[in-house]
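Subject: Structure handover

Hello,

Here is the structure I promised to pass on. Please open it and keep it beside this message as you read.

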Amino acid sequence: MALLVLGSVAFDDVRTPSGYRERVLGGSATYFAWAAATLVQTDLIAAVGRDFPDEFMAALRGRGIGLDGLVKMADVDTFHWSGRYGDDLNVAQTNWVKVNVLGKWKPLVPPAWREHPFVFLANDAPQNQLAALGQVTKPRLVLCDTRDLWIDQDRAGLEEVMRRTDGIVLNDGEARQLTGERNLIRAAHRLHALGSRIAIIKKGEHGAFLSVDGQGFALPAYPVAEVVDPTGAGDSFAGGLMGWLARGGVADRKALKQAMLAGTITASFCVEDFSLDRLKSLDLAAFERRMEEFRQFLSL
Ligand code: AMP
């Protein structure tokens, strides 16, 4: 079943202990769509600016991602994020953000995509997430994501997004910032109270935690020997998770647990190189091989 994603398509400047990259292709929706497209047709709602190169556009098209909802705005630049990671690769430090097009754009979901059963609202301004949500008709499952900037700038908008969606996928730091709870079980319960029936909290190299109506499930991360660039790990986790659910067309508790596995595997590929470089060569066969290897790794 088709999958719809709204989010950022960005330029990223990233420094990690393995090196530095400038103006590489990034963005929450880019990572998500790139990862999900391994498993299912994925259609993208996003905006870029006048400075977005044709080469990046061609790369997205080449991946088979639906681009009818990708708008290029003539009078503004592309969203640009600059971040760094120290020795603790689980924590991204933002140097600066140029919101640019994200603050100017109004998402428009093409009519042919409005009945997509699976929808992901990746990191974007909550007002953009709400605008997209208002244009889709009765999806089977809608999950959302957020991060520090939006929790600070538009908490009310974000809480409305949470009330109007089935669940939220976010990292441990964001869960603490949003809920004020240090303990992640308590944080998940607070997320439920805010309207997210499904709460997925990612903990970087320590894995991910799922809570559905208060019932928990946890997975370790796939053991990656050399993490080169953690940027996009969260988005590609969500892409693998939603891609798996959309591929199977089911979103019950059992499917969600299996989808956590798919998300974990996809994220493990993402962090092995800068930007989308490792995901670029990811195909279904490599995904399935690692999935099987991880099942063995988990078996008691
Ligand atoms: P992740 O590492 O999965 O949490 O996400 C990293 C990606 O999110 C980068 O490619 C950034 O371009 C993008 N990003 C960073 N900050 C924001 C923001 N405030 N809104 C939307 N996307 C963002």
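By class, how many nonpolar, polar and charged residues does the shell around the ligand have? Eight are nonpolar, eight are polar and three are charged. Bear in mind that this is a predicted model.

The ligand site first. There are 19 residues around the ligand. S8, D12, G27, G232 and D235 come nearest.

D12 places a polar side-chain atom 2.5 Å from an oxygen atom of the ligand. For W150, a polar side-chain atom lies 3.0 Å from a ligand nitrogen atom. G234 uses its backbone instead: an N or O atom there lies 3.1 Å from an oxygen atom of the ligand.

How much of the ligand is covered? Taken alone, the ligand exposes 510 Å², and the protein buries 94% of that.

Several elements build the shell. Those giving two or more residues are β2 (10-16), α1 (28-36), β6 (79-84), α4 (148-153) and α8 (233-248). The largest share, three residues, comes from α8.

One more residue to look at is H116. You will find H116 in the loop between β7 (93-98) and β8 (118-121). Is H116 buried or exposed? H116 is buried, because its relative accessible area is 8%, and buried means under 20%. Leaving aside residues up to four places away in sequence, H116 touches A2, L3, L4, D43 and P139.

Over to you.

Best wishes

Terms used: Residues numbered from 1 in each chain as written. Predicted model: local features only at pLDDT ≥ 70, side-chain atom pairs only at ≥ 80, totals over all residues. Heavy atoms only, no water. Near = heavy atom within 4 Å. Polar contact = N/O pair within 3.5 Å; in protein donor to acceptor, adjacent residues only side chain to side chain. Areas by Shrake-Rupley, 256 points an atom, 1.4 Å probe, with all protein chains shown as cover. Helix = DSSP H or I, 4+ residues; strand = E, 2+ residues; numbered from the N terminus. Nonpolar A, V, L, I, M, F, W, Y, C, P; charged D, E, K, R; others polar. Buried < 20%, exposed > 50% of the residue type's maximum accessible area, 1.4 Å probe, protein only. Contact = heavy atoms within 4.5 Å.
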